[in-house]
Amino acid sequence: MKNSRTLIPMCVVLALSAPLLTKVLRASQDAGSGTVPAFKGSIANFQYFSGTWGCQGSFPATGKTIASQLTFAPVLDSAFLSLQHDDLPPNKFHALEMWGWDAKTSTFTATIFDNYGGARHFASTGWQDQALTWNADIAAGATAPAERFVFRKDSATQMTVNWELNRDSSWKIGDTLTCTHKP
């Protein structure tokens, strides 16, 4: 009897969440299928990133190598661009980013949620030449160095992504990735 009381609410939850799950799965399939999803409104500025990118790079300070996969897809009726960042083993960093537009401040915004429980906020004025720079929002009195991400278009199918820290009034690369768009 206990199991049947648990089963009924679970079935209701599954039935109610089915439309959302279907939408998420469809968007995920489109991102990996070669189908170019619709980029509308302000995130149309990010059409370049659409799809999946394979990345190779390093941590310049130590020389250690790193490999990652980045997958970009419009979400929430194209109000945002999601970025799923997955480092490949032996590295363990995973993140979900949401890029959007803040009409009140006329800036692009990004929030990064990571597998270590972090939630960081960034802002950007958009493309400058061939680079998109995300500067971290720094809390008053913060003791951690400023950080930023710089996405640079190298070609139609290749980009460089640098995570940089500002130490002693000088930007230093924490890690760098060269990414190639996967067909």
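A disulfide is a pair of cysteine sulfur atoms within 2.5 Å. By that rule, this predicted model has one disulfide. The count of salt bridges comes to three. This briefing covers those links, then the surroundings of H85.

**The disulfide**

- The disulfide joins C55 to C179, with an S to S distance of 2.1 Å.
- C55 sits in strand 1 (residues 51–59) and C179 in strand 11 (residues 170–181), so the link ties together parts that are 124 residues apart in sequence.
- The link of C55 and C179 is right-handed, with 110 degrees about the S-S bond.
- C55 has a relative accessible area of 1%, so C55 is buried.
- C179 is buried too, because its relative accessible area is 0%.
- In general, a disulfide is a covalent bond between the sulfur atoms of two cysteines.

**Salt bridge of R120 and E147**

- The side chains of R120 and E147 meet in a salt bridge, at 2.7 Å from N to O.
- This pair links distant parts of the chain: R120 is in strand 6 (residues 119–124), E147 is in strand 9 (residues 146–153), and they are 27 residues apart.
- R120 is partly exposed, with a relative accessible area of 21%.
- E147 counts as buried because its relative accessibility is 13%, and buried means under 20%.

**Salt bridge of E164 and R148**

- E164 and R148 meet through their side chains in a salt bridge of 2.6 Å, N to O.
- E164 belongs to strand 10 (residues 158–167) and R148 to strand 9, so the pair ties together parts that are 16 residues apart in sequence.
- Both E164 and R148 are buried.

**Salt bridge of D154 and R152**

- D154 forms a salt bridge with R152, and their closest N and O atoms are 2.9 Å apart.
- D154 counts as partly exposed, at 32% relative accessibility.
- R152 is also partly exposed, with a relative accessible area of 38%.
- In general, side chains of opposite charge can pair when their charged atoms come close.

**Around H85**

- H85 lies in strand 3 (residues 80–87).
- H85 has a relative accessible area of 13%, so H85 is buried.
- The side chains of H85 and D87 are joined by a polar contact of 2.8 Å.
- Leaving aside residues up to four places away in sequence, H85 touches S68, Q69, L70, F93, H94, A95 and L177.

Methods:
Residues are numbered from 1 along each chain as its sequence is written. This is a predicted model: local features need pLDDT of at least 70, side-chain atom pairs count only at pLDDT 80 or more; totals for chains, interfaces and linings use all residues. Side-chain values use heavy atoms; hydrogens and water are left out. Helices (H or I, at least four residues) and strands (E, at least two) are DSSP runs, numbered from the N terminus. Buried means under 20% relative accessible area, exposed over 50%, partly exposed in between (1.4 Å probe, protein chains only). A polar contact is a pair of N or O atoms within 3.5 Å; within protein, one must be able to donate a hydrogen and the other to accept it, and residues adjacent in sequence count only if both atoms are side-chain atoms. Contact means heavy atoms within 4.5 Å. A salt bridge is a side-chain nitrogen of Lys or Arg within 4 Å of a carboxyl oxygen of Asp or Glu.
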